Amino acid sequence: MSEGTPESSTEPDEQSLSKRARETGLTLKELVNSIGKKGKAVAQQTSTQLKEAAKDDEIDSKDAADIQMLGRHIESIITIFEDTMDKIMAHPSYDEQHGMLVGFKKILEEEVNLIDARLGMAKRLKGMEPSQHTETLEERIEERKRTNAVDAELVNQPLPDRDEARTMAEMVEDDREKI
């Protein structure tokens with residue numbers, strides 16, 4: 001029986017060794033998987049950041065091209081804006097300044113709406129191709145009325161010629177004098 005005891009003691013050692021080896025292998029496998037997942041996440045985050053940076057560069061270059069298209073007009077636009085802001089800030093009351101700035105903001109928003117409407121119309125006109133069949137004059141007039149009706153809904157009526165060259169501050173001062 002003394003011989004059976006050493007054999008039975010070596011068998012559990014082998015089982016415990018193989019069990020520990022399996023556990024160590026599983027732990028190693030989990031560690032490798034974890035490192036792989038973390039590396040993949042970092043790579044995705046980096047690629048996303050690079051894509052965003054590329055988009056920002058594209059936006060910047062597009063903005064620069066748009067500004068260049070304004071060309072010589074940009075200086076006059078900036079001057080008019082700065083003059084208007086200076087005249088608004090010259091008023092002593094902050095309530096008056098606030099009202100004028102709110103009004104000026106609304107005017108600028110309407111200008112943006114006008115530009116958007118004109119862009120939309122230009123895109124529609126660009127997309128229109130000459131018709132393959134001959135249209136009568138009445139059909140052309142009806143088409144023109146239909147497209148103008150849509151444009152008229154998007155665009156506010158322009159200011160009278162006498163008001164176009166005036167700044168917002170001058171208009172507010174005139175309104176105040178009327179009151």
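**Notebook: around H91**

I started with H91, which is buried, with a relative accessible area of 11%. The cut-off I needed here is that buried means under 20%. A reminder to myself: this is a predicted model.

Next I looked up where H91 sits, and found this residue in the loop between helix 2 and helix 3. Then I listed its contacts, leaving out residues up to four places away in sequence: H91 touches E96, Q97, M100, E173 and R176.

Leaving aside neighbours within four places in sequence, M100 is in contact with I88, H91, M168, V172 and R176.

From there I went to the largest nonpolar core, and found M100 listed in it. A friendly general note for later: nonpolar side chains tend to be buried together in soluble globular proteins.

My last stop was a helix pair. How do helix 2 and helix 6 pack? I found helix 2 (residues 73–89) and helix 6 (residues 168–178) at an angle of about 40°, with their axes 8 Å apart. The two helices are therefore oblique to each other. On the helix 2 side, T84, K87 and I88 make the contact, and on the helix 6 side M168, A169 and E170 do. I sorted this contact by class and got 3 nonpolar, 1 polar and 2 charged residues.

Terms used. Residues numbered from 1 in each chain as written. Predicted model: local features only at pLDDT ≥ 70, side-chain atom pairs only at ≥ 80, totals over all residues. Heavy atoms only, no water. Axes fitted to C-alpha atoms, helices over the stretch in contact; angles between N-to-C directions. Helix = DSSP H or I, 4+ residues; strand = E, 2+ residues; numbered from the N terminus. Parallel < 35°, antiparallel > 145°, perpendicular 65-115°, else oblique. Contact = heavy atoms within 4.5 Å. Nonpolar A, V, L, I, M, F, W, Y, C, P; charged D, E, K, R; others polar. Core = buried A, V, L, I, M, F, W, Y, C linked by side-chain atoms within 4.5 Å. Buried < 20%, exposed > 50% of the residue type's maximum accessible area, 1.4 Å probe, protein only.
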